[in-house]
Amino acid sequence: MHAALPYALLAAFLYLFAGLWQTAALARACSPRPGLVRTTGLLAVVLHALVLYFVLYRDGGLNLGMIETLSLICWVIAVLLLGASLFSPTLAPGAALLPFAAFSLIAMVGLPGTLTYAYFPPGVLVHIASSTLAFALLSIAAVQALLIALQDHALKTRRLRGIVQALPALTRMERMLFELITLGMVLLTISIASGALFVHDLSAQHLTPKTLLSLMAWVIFGVLLWCRRFHGWRGRRAVRWTLVGAVVLVLAYFGSRLLLATR
């Protein structure tokens, strides 16, 4: 663990720098520098990956405690966010997500977990990978929804400076939101299906609450996409459904773990 500490501290500093710069750019306190944010974030992602290697592979097994899982998801979020920013203006959610990745990294190093698993069958690995990617994409979508809410409020109150000037047009922001939700739903569907196929005896493994909450989130996002397609849902209604779905998903992934930890 001590070997990973210098890399973790440097990665956390880079995450914070990138996130705070993006925050200042959204507030129009400095000029937007997507190249700087992307490069700094990329360096943080590389160092974060190194720390994950030191922490997750331990004692001949794979350590996936709650904090380790959270940091792994934050790393995936950062990778997806920075990768997508090469093709579309998706760096804005990084103002919140990159600093959170820094805190998850420090927590992982400072508060190591105790759960160690020696082996995962291939089917379970598919479930873990699809779950992680789905959670990451839908987390980005949740922050995107918050930005849309701020942008929509600013436009309706005719406050046309600040964040409105820094973000893409509202219609483009909404289009990116639904692209994130659609891809997240595909992966969430794979996650639920692979869990049903390859994770046996849910009650014995205390996975029933997680499964039910994941299905509830799937229904919420599914209804949102259906109503967007056939009823033109957008604006505040789309934001509310996105945030509710994201909260249910957080409860599915981490609420069930906290429940088990208190037993």
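Colleague: What share of the 263 residues in the chain is buried?
Modeller: Happy to start there, with the reminder that this is a predicted model. A residue is counted as buried when its relative accessible area is under 20%. Over the 263 residues of the chain, the buried share comes to 46%.

Colleague: Thanks! How many helices and strands does the chain have?
Modeller: Reading along the sequence, the pattern is α-α-β-β-α-α-β-α-α-α-α-α. Counted by type, that chain has nine helices and three strands.

Colleague: Let's look at A8 itself. Is A8 buried or exposed?
Modeller: A8 is found in helix α1, which covers residues 5-26. Leaving aside residues up to four places away in sequence, A8 touches V51, L105, I106 and V109. Its relative accessible area is 0%, and the cut-off for this class is under 20%, so A8 is buried.

Colleague: How are α1 and α2 oriented to each other?
Modeller: Their axes come within 8 Å and cross at roughly 150°. Angles over 145 degrees fall in the antiparallel class. The two helices, α1 and α2, are therefore roughly antiparallel.

Colleague: Nice. How many charged residues are in the contact of α1 with α2?
Modeller: On the α1 side the contact includes Y7, A8, L10, A11 and L14, and on the α2 side it includes L36, V37, T40 and G41. By class there are 18 nonpolar and four polar residues, and the number of charged ones is: no charged residues.

Colleague: Moving along, what is the orientation of α2 and α3?
Modeller: Helix α2 spans residues 34-56 and helix α3 residues 66-84, and their axes come within 10 Å with a crossing of roughly 150°. The antiparallel class takes angles over 145 degrees. That is why α2 and α3 count as roughly antiparallel.

Colleague: Which residues of α3 make the contact with α2?
Modeller: In this pair, α2 passes α3 in a left-handed crossing. From α2 the contact takes V37, R38, G41, L42, V45, H48, A49, L52, V55 and L56. By class, the contact has twelve nonpolar, three polar and two charged residues. The partners in α3 are E68, S71, L72, W75, A78, V79 and L82.

Colleague: Is α7 oblique or roughly antiparallel to α8?
Modeller: Helix α7 runs over residues 170-198 and helix α8 over residues 208-231; their axes come within 10 Å and cross at roughly 140°. Because the antiparallel class needs an angle over 145 degrees, the description for α7 and α8 is oblique.

Colleague: How many nonpolar residues does the contact of α7 with α8 have?
Modeller: α7 passes α8 in a left-handed crossing. Among the residues that meet are E174, F178 and I181 in α7, with S214, L215 and A217 among those in α8. The contact has four polar and two charged residues, and the nonpolar count is eleven.

Colleague: Let's turn to P121. Where does P121 lie?
Modeller: At 37% relative accessibility, P121 counts as partly exposed. P121 and F198 are 77 residues apart in sequence, with 8.5 Å between their C-alpha atoms. As for its place, P121 lies in the loop between β3 (116-117) and α5 (122-156).

Colleague: And how far apart in space are H127 and F198, C-alpha to C-alpha?
Modeller: H127 has its place in helix α5. With a relative accessible area of 14%, H127 is buried. H127 and F198 are 71 residues apart in sequence, and their C-alpha distance is 8.0 Å.

Colleague: Last one: how many disulfides does a search of the whole structure find?
Modeller: Two cysteines to look at are C74, buried with a relative accessible area of 4%, and C227, which counts as buried at 10% relative accessibility. A disulfide requires a pair of cysteine sulfur atoms within 2.5 Å. Over the whole structure, the number of disulfides found is zero.

Note on methods. Residues numbered from 1 in each chain as written. Predicted model: local features only at pLDDT ≥ 70, side-chain atom pairs only at ≥ 80, totals over all residues. Heavy atoms only, no water. Buried < 20%, exposed > 50% of the residue type's maximum accessible area, 1.4 Å probe, protein only. Axes fitted to C-alpha atoms, helices over the stretch in contact; angles between N-to-C directions. Helix = DSSP H or I, 4+ residues; strand = E, 2+ residues; numbered from the N terminus. Parallel < 35°, antiparallel > 145°, perpendicular 65-115°, else oblique. Left-handed = near helix turned anticlockwise from the far one by under 90°. Contact = heavy atoms within 4.5 Å. Nonpolar A, V, L, I, M, F, W, Y, C, P; charged D, E, K, R; others polar.
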